[in-house]
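Reader: Could you walk me through a few local features of this chain? I'd like to see how each answer is reached.

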Amino acid sequence: MRRSAARRSLAVLVTGVLAVSVAACGGGAQPGGPDGGSSGGGGEATAWALTGGSESVFRSSFERWNGANPDAQISSEWFANDAYKEKIRTAVGSGNAPTLIFSWAGGTLADYVANDSVVDLSEDAAPLLDRILPSVASNGSVVDPSGGEGWYAVPNNQSQPVLLYFNQELFDQAGVSVPTTYDELLDAVEKLSAQGVTPIALAGQSKWPELMYIQYLTDRIGGPEVFQRIVNGEPDAWSDPAVLEALTKIQELVDAGAFGDSFGSVAADAGADTALVHTGKAAMVLQGSWVYPDFLNNAPEFVESGKLGFANFPAVEGGQGDPANIVGNPANFWSVSASASPEAQKTAVDYLVEETYSDEAVDEFLSVGAVPPLIGLEDKIAEADDDSGYLSFVYNTVKVAPHFQLSWDQALPADQAQALLDNLSQVFLKQISPEQFVDAMNATLG
């Protein structure tokens, strides 16, 4: 197994993040035909991926590959975000996974590795891994069942930091400047509410967008070590004062009318939260960079007019976390199913190395407003950037961030992640107190 010293050090670092207790989910069956979602015979491989975002780039990539490789075809199926997560876990657990498994790495990937559901890509995918920003690539490194380390997933699209998007026209009308601190955010909420505008669009029906608030606030208040103790499964880790303060601030925002009174019926999969911003009904939305292509597709005039602004999440006065820290998804990842035939696995690996970040794919990512996490991409990004400077902003934000924290619902094991989503939703709806949230989440540890 070939692995550089730098890569080893990164792997050790990430091993600490991902070495979590996981639940067994079966597996081991041999793949069936392509219609069943698993790889067929010969060099045929299958892939499942998400609709929206960079879907067009993935589709072009598969078409380009299939055109050049008639004996190593890849068929693809497409799913909405919320429906996909449970479907892929079930498919992997039953041994019916597609050859290429789309994921967010984190606890789910650790689960796959613990159950021998995915193959070690350390050696075969090394030419690709060497091109990727280490802070992003390292998320694919996991402790394997033998106690060693391996690379079981490789990035497949853009870095996805969570940013504060805003409607500049509404800010101007309300006399609001871009908030750089939590207190300034509260002040902006008050001024925007006085204008009859929903200050912040929130897709509460989908639940997962609410995670971005507890993630950023906890990080800004207590630093990344707070959640690391939770990932490590330390007893009562959710009782950290930073978590309680973050939850208290969330309910303070709710009380201030930050999200309006109907956020519980807004769904992210339909892009309803971003639509509220570009239609002028809401002034801000805290979302991942994966929504920028949707802004470009659904409201090109809004973006081209310069009305769409973007910024980092505000600092919290007196907080211990670095305001340059970011949360979100370092990228999405491809893994290769261990249940696939050797021929299908070879097709998948060859595709990863040759096509994932080919020159054509990189150009297409940039053309839809997505920034691949590749080393030395500054000049290419500068050429592709528009007047807004969005691409350079995202690339530099990722490159200089002291810490890039994976979304909590992906970093934690599946059972804890669902409890987190359910309890946090009740916090936003003020059905439970911060203290009740902490007690409920502590009960999921150990």
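Reader: Which residues of α4 are buried?

Author: Happy to start there, keeping in mind that this is a predicted model. Helix α4 is mostly covered, with eight of its nine residues buried. Those buried residues are G106, G107, T108, L109, A110, D111, Y112 and V113.

Reader: What phi does D116 take?

Author: Look just after α4, where D116 is placed. Its phi is positive, at about 55°.

Reader: Is S117, in the loop between α4 and α5, buried or exposed?

Author: Good one to check by number. Buried means under 20% relative accessible area. S117 has 7% relative accessibility, so S117 counts as buried.

Reader: And which residues is S117 in contact with, leaving aside its neighbours within four places in sequence?

Author: S117 sits in the loop between α4 and α5. With those sequence neighbours left out, its contacts are V92, Y112, V336, S337 and A338.

Reader: How far apart are the C-alpha atoms of D124 and L352?

Author: D124 is also in the loop between α4 (106-114) and α5 (126-129). Beyond its neighbours within four places in sequence, D124 is in contact with V349 and V353. D124 and L352 are 228 residues apart along the chain, and their C-alpha atoms are separated by 9.6 Å.

Reader: Which residues gather with D183 in a patch of negative charge on the surface?

Author: D183 lies in helix α8, residues 182-194. Residues in such patches need over 30% relative accessible area, and D183 is partly exposed at 46%. The residues that gather with D183 in this patch are E184, E252 and E317.

Conventions: Residues numbered from 1 in each chain as written. Predicted model: local features only at pLDDT ≥ 70, side-chain atom pairs only at ≥ 80, totals over all residues. Heavy atoms only, no water. Patch = residues over 30% accessible without salt bridge, like charges linked within 9 Å, V, L, I, M, F, W, Y side chains within 5 Å. Areas by Shrake-Rupley, 256 points an atom, 1.4 Å probe, with all protein chains shown as cover. Salt bridge = Lys/Arg side-chain N within 4 Å of Asp/Glu carboxyl O. Lys, Arg positive; Asp, Glu negative; His and termini not counted. Charge placed at Lys NZ, Arg CZ, Asp CG, Glu CD. Helix = DSSP H or I, 4+ residues; strand = E, 2+ residues; numbered from the N terminus. Buried < 20%, exposed > 50% of the residue type's maximum accessible area, 1.4 Å probe, protein only. Contact = heavy atoms within 4.5 Å.
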